[in-house]
Amino acid sequence: TLYVADVPGAATATVPVARLKHAADWDPEPYAWERQARLFRRETSIALRPVAVEIERLTTKLAPFAHLTGTGAITLTDAQVNALRNYVQSGGVLLIDPCGGSKPFNDSIRAQLLAKAFADKPPAEIATDHPLLAGRGDGLTQIARPQVRPFVFRALGQKFPKLQILESGDRRLVTFGYS
């Protein structure tokens, strides 16, 4: 079932997650974060608190983790590109998700955000032994081969998407993309 019951009782901690609003379809899966927060809390006792935020207002004080998603091409302003660069440089983790394997979203992010804000170091494919994928550590699961919906697999030409990451010291920009 897609429904996940809420977990009763108090969480051991609460982590805010910035869900980044933009002019295009920024919320293509409205229930996804509520569902994922319940699954995460069930597995870790940590509550995730999704918060919708305009990109220009994003700071690490607001949330240490941010999610940028969409289903079609987006246009980012210079202020939005600067806010995202500053967020990552301040230690924030940014997950970029081309929802449903959206090539237009993926391409627009690469052309506008990655080329402008992170041109000095392009994202690279995450090795399957990277801690994010290898499941090393308490509460982590091995996910070296991503699971995707069948229509995403077909949209990507029967290939599994390649997870990519941009890392620089303790600063990380993580993008779920494909080449």
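This is a predicted model: local features need pLDDT of at least 70, side-chain atom pairs count only at pLDDT 80 or more; totals for chains, interfaces and linings use all residues.

Me: Is Lys21 buried, partly exposed or exposed?

Reply: Lys21 has a relative accessible area of 27%, so it counts as partly exposed, since that class runs between 20% and 50%.

Me: Which residue forms a salt bridge with Lys21?

Reply: Here is the general idea: side chains of opposite charge can pair when their charged atoms come close. In this structure, the partner of Lys21 is Glu54, with 3.6 Å between the closest N and O atoms. The pair links distant parts of the chain, as Lys21 sits in strand S1 and Glu54 in strand S2, 33 residues apart. Glu54 is partly exposed as well, at a relative accessible area of 34%.

Me: How many salt bridges does the count come to?

Reply: Four. Among them is a bridge between the side chains of Asp27 and Arg19, at 2.4 Å from N to O. Asp27 is partly exposed at 24%, whereas Arg19 is buried at 12%.

Me: And what separates Arg38 and Glu34 in helix H1?

Reply: About one helical turn, because the two are four residues apart in that helix. They form a salt bridge whose closest N and O atoms are 2.8 Å apart. Arg38 counts as buried, with 14% relative accessibility, while Glu34 counts as partly exposed, with 37%.

Me: Now for the nonpolar side chains. Which residues of the largest nonpolar core touch the most other members?

Reply: The general idea first: in soluble globular proteins, nonpolar side chains tend to be buried together. The largest nonpolar core here has 24 residues, and those touching the most other members are Leu20, Leu68, Leu76, Leu84, Leu94, Ile109 and Leu113. Strands S1, S3 and S4 and helices H2 and H3 each supply at least two residues of this core.

Me: What does Leu84 touch, not counting residues up to four places away in sequence?

Reply: Its contacts are Leu20, Ile55, Leu58, Leu68, Leu76, Leu94, Leu113 and Phe118.

Me: Let's return to strand S1, where Val17 lies. Is Val17 buried or exposed?

Reply: Val17 is buried, at a relative accessible area of 2%. Leaving aside neighbours within four places in sequence, Val17 is in contact with Trp33, Leu48, Arg49, Pro50, Val51, Ala63 and Phe65.

Me: How many residues apart along the chain are Val17 and Leu94?

Reply: They are 77 residues apart along the chain, and their C-alpha atoms are separated by 10.0 Å.

Terms used
Residues are numbered from 1 along each chain as its sequence is written. Side-chain values use heavy atoms; hydrogens and water are left out. A nonpolar core is a set of buried Ala, Val, Leu, Ile, Met, Phe, Trp, Tyr and Cys residues joined through side-chain atoms within 4.5 Å. Buried means under 20% relative accessible area, exposed over 50%, partly exposed in between (1.4 Å probe, protein chains only). Contact means heavy atoms within 4.5 Å.
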